[in-house]
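Welcome, and thanks for opening this report. Please have your viewer ready as you read along.

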Amino acid sequence: MAAQQQLLALMSSASGQNNINSPEALYDLSLIAVVNSLDGLKVPAMERIRKLPELPRNLLIDVYELMSKREDLKDTLLEELSNLEVFNCLVHCTSARGQLLRIVAALMASNKPLPRRLSDAYVGRFGPPTSAETADNKQTEQAADGDEQSTDSDKCELNEQHSVEVAEQSLEPLSPQEVHAINLGLRLGSFLSEAGWMQESIAVLTCLNERLKRMKPFKSQLVTRLDCLQRLLYAESSHCNFKLAQQTYAELMELNPLINEKVPCPLIAMVYTQISSMYFARNEYNNSHLWSVQAMHYLEMTAPSRVAIDVLRQAAKACVVKRDFARANLLICQAVRRAREHFGPTHQKYGDALLDYGFFLLNVDSVYQSVNVYKECLTVRRGIFGNMNFHVAIAHEDLSYAYYVHDYSTGDFSCAQNHVDEAVNIMKNLVPSNHLMLASAKRVKALLLEEIALDKIADGIDEEDLLLQSEELHNFALQLSLEVFGEMNVQTAKHYGNLGRLYQTMNRFDEAERMHQKAIKIKTDLLGPYDYEVGLSIGHLASLYNYQMKKFRQAEDLYLRSIDISLRLFGRTYSGLEYDYLGLCHVYETLHEFEKYLRYAHILENWQLLRGQNLTQNKSSYPAIEEDFTIDQVKNKFFNMSVKTHPNEVTGQTPSVEPSNN
């Protein structure tokens with residue numbers, strides 16, 4: 001009885017209903033009565049559990065959600081939802097999506113592996129036939145086809161290419177069983193990736209893809225395969241399984257020449273968006289940008305809101321890493337507005353848009369705003385997925401890095417450390433020890449350990465152990481990056497740069513110089529001589545030459561190059577300029593070139609005045625675009641906008657460290 005009253009109080013407070021005689025409160029009481037009747041092993045309770053799927057879907061999902069709050073009913077709920085037919089009934093109901101995500105999160109929090117049970121059930125039911133079944137099918141096909149191999153080679157070639165040019169009237173319709181297998185596979189695979197269970201999603205969608213390849217040509221086969229493959233590519237890229245992602249990409253490229261007017265434009269836009277996302281995750285930014293532009297071409301006014309938001313988000317991220325901030329601002333602001341207005345402020349799609357908006361703000365030096373956006377994103381994701389979740393770990397890591405950048409000048413990294421520890425702990429529970437996502441979180445932790453050690457060393461405390469821990473984490477991330485991406489990759493270059501700064505702190509100057517030189521060469525070869533990443537590494541090497549190795553002329557040249565890049569991209573008030581101006585003043589003071597010293601001391605003073613004005617007035621070169629444009633208006637602005645590379649005013653605080661591109 002006490003438990004019943006607690007549940008009722010909880011539900012009433014959540015719904016804002018104080019009147020126990022209101023329809024809402026009476027409905028809640030009825031739900032509690034139903035759920036209480038399921039408790040126990042007696043025949044009536046078991047019979048009621050068996051009949052639960054007969055309830056209307058909106059009532060059934062409410063019953064299941066209430067069951068997910070009862071620890072003693074979670075095993076029963078796990079068995080219920082592991083039934084593919086029951087789950088299909090619920091996942092088909094889009095209005096209940098949020099509830100279903102919360103139910104899965106509640107079960108996983110109690111170590112009830114529903115995602116694994118569902119993926120195993122799907123693969124077991126719809127996976128490849130046994131060897132005996134395959135032999136029987138072959139005999140049947142041979143008897144029916146006769147000498148088809150010698151007389152119908154053209155048809156064989158069409159089958160191999162999955163061509164949609166076969167006359168539609170000659171194609172037999174799919175059986176209800178095949179239609180069910182396809183629809184369930186697409187919905188289940190997407191739901192699992194949306195819920196953060198990527199491995200299970202990959203298992204389901206891979207199974208469906210193989211099934212589709214075994215099937216004879218059918219109407220809409222090309223559309224179905226493209227849809228399956230783009231969902232699969234999303235799960236593989238998100239999970240950093242790039243070997244599988246490359247295979248899926250290759251299959252998409254085989255189908256790409258067959259795309260015609262029968263393929264819906266929103267699907268084409270999503271295919272190209274997922275390809276862009278794969279290249280982005282692999283740090284191949286030129287290819288990512290090219291595919292995102294192709295996706296924008298296929299984005300139409302009639303595209304579903306979910307599709308429009310995803311296309312805009314990915315195109316915005318691709319513009320950010322190409323330093324095309326004006327276009328990125330347009331796209332991400334429209335994505336955030338659409339996500340909030342269409343799905344609401346507690347929906348996972350809004351959380352996704354916030355994550356990418358935080359990334360944009362961090363890269364345009366609006367660090368304070370970035371921290372706040374990342375905090376909101378984390379709140380949204382934890383409200384949906386709970387604590388032990390892949391999506392939540394990513395939000396913790398990105399927020400940790402934003403805090404690290406924001407608090408760099410104060411030296412108080414407690415918030416950053418708390419969030420990165422959460423990210424590492426979650427990833428340790430979800431992915432193997434050699435996984436890239438875990439390495440990414442450890443990389444941020446290594447940066448924090450180094451700064452904490454520096455502060456303690458400055459206070460006269462020997463913290464060599466912290467520096468050694470940081471070195472171990474950086475080397476772990478570097479080796480994994482070399483294995484997955486190879487030497488010529490932006491991420492690998494970032495790890496070299498991080499080690500260079502660490503070795504500078506550890507007084508291992510020759511090693512630090514080699515690391516910085518490697519980072520500069522790789523970044524310049526991949527990104528060109530005027531990219532932001534190149535400027536960062538040049539500034540790091542200049543600092544080493546200036547303060548430790550006493551190579552002042554080389555330091556001067558590097559500082560001037562770094563300043564030139566920063567002014568080109570961000571303008572006169574960019575936060576990173578402070579380090580270069582201070583460094584040049586030190587160089588000229590040491591060399592007794594007082595005229596140059598006074599010149600840059602004056603420039604530094606002006607920079608400080610401009611920064612102070614911007615911070616006081618909370619100015620930004622890229623304020624949020626409040627106007628709500630149509631898709632056609634967004635596309636028109638996107639394709640006709642000139643690139644803005646050197647804004648006059650930028651706010652925020654950016655330390656001279658390698659940034660995250662999560």
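## About the model

This is a predicted model, in which local features need pLDDT of at least 70, side-chain atom pairs count only at pLDDT 80 or more, and totals for chains, interfaces and linings use all residues. Residues are numbered from 1 along each chain as its sequence is written, and side-chain values use heavy atoms, with hydrogens and water left out.

## Helix H14

Let's begin with H14, which covers residues 221-238. Helices here are DSSP runs of H or I with at least four residues, numbered from the N terminus. H14 has 18 residues and spans 26 Å from first to last C-alpha, close to the 26 Å expected (1.5 Å times one less than the number of residues).

Of its 18 residues, 15 are buried, so H14 is largely enclosed by the rest of the structure. Buried means under 20% relative accessible area, with a 1.4 Å probe and protein chains only. After H14 comes Cys240, with a positive phi near 60°.

## Cysteines and a loop residue

How many disulfides does the structure hold? The count is zero, taking a disulfide as a pair of cysteine sulfur atoms within 2.5 Å. For Cys207, the closest cysteine sulfur is in Cys228 at 9.4 Å, too far for a bond. Cys207 is also buried, at 8% relative accessibility.

Tyr408 sits in the loop between helix H22 (390-406) and helix H23 (414-430), and is buried at 18%. Its C-alpha lies 8.5 Å from that of Glu451, 43 residues apart along the chain.

## Aromatic rings

Rings of Phe, Tyr and Trp (its six-membered ring) pair if their centres lie within 6.5 Å; planes under 30 degrees apart count as stacked, over 60 as edge-to-face and the rest as tilted. The count comes to 20 aromatic pairs. One of them, Phe87 with Phe191, is edge-to-face, at 5.3 Å centre to centre and 70° between the planes. Phe87 belongs to helix H6 (residues 84-91) and Phe191 to helix H12 (residues 176-194), so the pair ties together parts that are 104 residues apart in sequence. Phe87 is buried at 1%, and Phe191 is buried at 1% too.

Tyr357 and Phe360 are stacked instead, 6.2 Å centre to centre with 10° between the planes. They are three residues apart in helix H20 (residues 348-363), about one helical turn. Both belong to one aromatic cluster, whose members include Phe325, Tyr532 and Tyr622.

Terms used
Helices (H or I, at least four residues) and strands (E, at least two) are DSSP runs, numbered from the N terminus. Buried means under 20% relative accessible area, exposed over 50%, partly exposed in between (1.4 Å probe, protein chains only).
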